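Open the model in your viewer and keep the selection panel at hand. The tour goes from one chain to the contacts between chains.

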Amino acid sequence: MKRYPYVILGCSIAAVAAIEGIRSQDKKGDILVVGEEPCRAYGRPLISYYLLGETDLPRMDYRPEKFYEENNVTLRLGMRAERIDPEEKTVTLSDGEKFGYEKLLVATGSRPFDPPMEGIEHVKESFHFMTKADALALDKALSPEKRVLIVGAGLIGLKCFEGIAARVKSVAIVDLADRILPAILDETGAKMVQSALEARGAAFFLSDSVLRFEGNTAHLKSGKTAEFDLLVIAVGVRPNTELIKEAGGEVRRGIAVDECGRTNLPNIFAAGDCAESFDIASGTNRVLALLPNAAFQGRTAGINMAGGKATLKNAVAFNSIGFFGTHVMTAGVYEGEEYCERTERTYKALFTKDGLLKGFILVNLPERAGIYLKLLKERIPLGAVDFEALKTSPAWSAFSPEARAENFAREV
Amino acid sequence: MKRIYVKEQWCLGCHLCEYECAYANSGIADMVRALKGKAIHPRVRVEDAGEVHFAVNCRHCTDPVCVQSCISGALTKGEDGIVRIDKQKCVGCLTCVLVCPYGAVLPSPEGHAAMKCQLCTDNTMGEPNCVKHCPNGAIVYEEREAMQ
Amino acid sequence: MMQLYIRPDYEVIRNEARCIACRICERQCANEVHSFDPETGLMRSDESKCVNCHRCVSLCPTHALKIVKTDDTYRENANWEAQTIHEVYRQANTGGVLLSSMGNPKPYPVFWDKLLINASQVTNPPIDPLREPMETQLYLGKRTVKAEREENGLLKDTLPPQLKLSVPILFSAMSYGSISYNAHESLARAAEALGTYYNTGEGGLHKDFYKYGKNTIVQVASGRFGVHKEYLETAAAIEIKMGQGAKPGIGGHLPGGKISEDVSKTRMIPQGVDAISPAPHHDIYSIEDLKQLVDSLKEATEYKKPIIVKIAAVHNAAAIASGIARSGADIIAIDGFRGGTGAAPTRIRDNVGIPIEMALAQIDTRLREEGIRDNVSILVGGSVRSSADVVKAIALGADACYIGTAALLALGCHLCRSCHTGKCNWGIATQRPDLVKRLNPDLGYERLVNLVSAWKHEIEEMMGGMGINSLEALRGNRLMLRGIGLTDTELRLLGVRYAGDSL
């Protein structure tokens, strides 16, 4: 049985970031990566761009092929880890092979969640929209005469719509919530994005859900029906936490980790969509299933696995996403006092509480939005900046000359 | 590594750096042909606030959050320390724009991609054109230590 | 009352085919000549406000701008030229004394340009300064000392205080107030880097610049601005300003607008109130009075610092210099009538005084004849424009030269001669913070160092050509000069022979 200094379960963003984190400390120690998908890491959010024709399979690779070799990484792809034994520090794979580890990272991600819908088992062409394989399968099934029903008007469902809108006859989208993107937008923002999507042919059924499928007809709770040829289920995801749970580790909504990425099992770390983060905006431990957060967590865990010191103290939910040129940026929580600016094309909402920026929504106002995110992530007291000026336009002139000198007159 | 640093005290807010940047990255040899009658989209931006002026461009952070946040692997930090964007890989999600605390990664005018200062390594200038043409030494290109 | 229209002297010519409407000209013009017309998307200019400082021309990235002299003309008249007519109109409009800046622009003869330098051929070898030593170091101060010995036979050090220079060039007096903080910092830092001196002028010394004291000459003028014990003690030398080449016989007047908080502190006068330097020093009416001031300044500084007495080049300069040389002063500074100023009445600037070349030649001759040349060193200024002027000045008898206008040009001055408006677009002759910051001393001092280093090389080349390897051997060596286009009287006064007049 081979024993690796580092074993990573999962081969996506958190895994790659962990490899980079490990290599920032330890240039040599062998790394074994076990990935369930039969391919190297790719940007999962790119699958809608793939359907749009704005990227292709080679360009979707998150890191160049040579990355793994250069970093002395052994890849075991198309393989699941079945069991972790924290006592003897081993992992057993689906083919029965067993490896030892010194440090283990669980970066197993999440899987789509299917809500109970009667008759779903008889729907012939049903898809998820999460992996490259999902996208390739959907890509094959798309044709101009097809009608598509998407269940879920969240980020995944709507990005899927953007990817396929021009390639099918019609798309209907059903969501339980009273607005689209309920997790990241308020009513105003949601309406703006909704009309942009409707202009491209999306038919929304909101505050509604599928009761049952009958052949090519979906019967909705409202009594309406939607005819479809292809079904895409994009209701949400569930973290893959079983390996840790079965090994006796602490699992809440996701795997519980400290700010270094450690689980409560010795030598075992977790990162990415399977793990929780402490969200500074809400003040709670949450699964922040977002690509950058997976990278931050993976990198933090990797550094600590290799004996370095890194902590992730400013995790927060944020999204930057566009639909047919309507661009949405959001972050944090929408609590406290609200400052709004609205034009026909743009919308800005800033949420402040206890002298801090807690969250924001920016529609079609991407320029320099990072300055808002800085305020939020670094919990900068708004009294220390000219927030009145920042409200209208994010700029460094609203910071103190000392802050500017620190950031622009030295290495950062 | 050599980076661009701001000497705010000497910035006049003339915005010449913005035009020199737009020109440098236009790929057109003649400045008039490159810029006349066009809106410019420079990668360096001058902030004006009363008597305070200063130019902002990519800091080429030691630990760049834009690179970590990029969903497509289009942003990389090279061996030379320069943070670059591969426009072929970029799909224009603008996550980098959202995470850059300096506001130095910008949406590119043609959409579909972000853009940022690459210290004129991606054009024919050879050295940062903004620094070269700053009339008052308000931006410099040099080695400096990180503050402890 | 209807004002007589005075057409602008210059026209702003914008090459529309090149202009990219970047509006840098607009942002950089303190006179508000340029503006952007959003309706047409084109730039406009109002030339009535243009002073031809070339800030816009210099900064225009596409070189779309040029400033030309207007070709609008009055009926030709060699006696009543346009400028003369304008001045009459301006005075008829306002009833005021005309004010001007920088040096005398009238076409008086420039004798530097009528003097030619010798070179060695055959009978004496030229020296290659790149291969052989060339001494450009010098000392300024009194040289007459009797050798005195200790009882054990060792020489006593009785040498009066000296200024050591590594080049025969100093920066002349320009006060803080007339020029900006950043201009002063540039001059101070350049003087330090070059191993020479700059001169505070009569405006006192800013606290920040005390650290450059060993390269600073401080001035004591009729207004006594900013003079106190520490000021005198900080300096390397003290200059008593009796007069200025650009405005001999009159005092100074710095408008209240230029008396910022900093300037007021430095000058020790109230903020915003006009600073008046009287025409005379009220305690000096004779050489004897001057000697009292020289003595008291020496006493105040424990005889450690050379005292310079600066006068404007006027008709009786030689006799006055003779008196100064006997007053105990260590150095005489003479300022010719083409010397610059931040502000002077136009009539004074353009009509009073004499050329520095004449004054210098006469003073050197007079002091030699009287056997007191070594009592003092001679510094000359008042339009020394190049290294050739420096070489000619030394050959005429100077020890070293003051440069003012040339130094300002190095800092970016474009000789628009509008210093008195306080809106210097180059950040030199202004106290407006947004304009002052246009002169970054990091760049300014480097340009000054470049200029003087270049001149030094050229001086070495010219000296080498003459077969001279030290300034000592060039000083007063009028045989190294020949005149051209000069009258017999001019030749006599300059003490040089005509070109071709072989020994």
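Start with chain A. Its 412 residues would, as a compact globule, have a radius of gyration near 22 Å; chain A has 23 Å, so it agrees with that rule. Keep in mind that this is a predicted model.

**Stop 1: chain A as a whole**

Orient the C-alpha trace along its principal axes. Chain A then spans about 60 × 60 × 35 Å. Switch to cartoon: chain A has twelve helices and 24 strands. Colour by burial next, and 48% of the 412 residues count as buried. Take the contacts in chain A between residues at least 6 apart in sequence: 65% of them join residues at least 24 apart.

**Stop 2**

Select residues 81–85 of chain A, strand S4, and residues 90–93, strand S5. The two strands pair in the antiparallel sense, over four bridges. Which residue of S5(A) is the bridge partner of Arg83(A)? Pick Thr92(A) to see the pair. Now show the turn. Four residues lie between S4(A) and S5(A), which form a hairpin. In that turn, Lys89(A) has a positive phi of about 55°.

**Stop 3: a covered helix**

Select residues 155–164 of chain A, helix H6. Are its residues mostly buried or exposed? Ten of its ten residues are buried. The buried set includes Leu155(A), Ile156(A), Leu158(A) and Phe161(A). Charged side chains are there as well: Lys159(A) and Glu162(A) are among the buried residues of H6(A).

**Stop 4: chain A against chain B**

Show all three chains. Two pairs of chains are in contact, and chains A and B share the most contacts. Select that interface: 43 residues of chain A are in contact with 39 residues of chain B. On the chain A side, at least two residues each come from helix H9 (291–305), strand S20 (318–323), strand S21 (326–332), helix H10 (370–377) and helix H12 (401–408). H9(A) gives the largest share, five residues. Colour this side by class to find 22 nonpolar, nine polar and twelve charged residues.

**Stop 5: chain B against chain C**

Move to the other interface. 17 residues of chain B are in contact with 16 residues of chain C. In chain B, helix H1 (16–24) and helix H2 (31–35) are the elements that give two or more residues to this side. By class, the chain B side has nine nonpolar, five polar and three charged residues.

What about chains A and C? No contact joins them, and their closest C-alpha atoms lie 16 Å apart.

**Stop 6: the domains of chain C**

Finish with chain C. The domain assignment gives domain 1 (10–96) and domain 2 (116–148 + 164–498). Select both in separate colours. The domain centres, taken over C-alpha atoms, are 34 Å apart. Where the domains of chain C touch, nine residues of domain 1 are in contact with seven residues of domain 2. The domain 1 side has four nonpolar, four polar and one charged residues.

Technical notes. Residues numbered from 1 in each chain as written. Chains lettered and ligands numbered in written order. Predicted model: local features only at pLDDT ≥ 70, side-chain atom pairs only at ≥ 80, totals over all residues. Rg over C-alpha atoms; globule rule 2.2 N^0.38 Å. Buried ≥ 20, exposed ≤ 12 C-beta atoms within 10 Å, placed from the backbone. Pairing = 2+ DSSP bridges. Domains from an automatic or database assignment.
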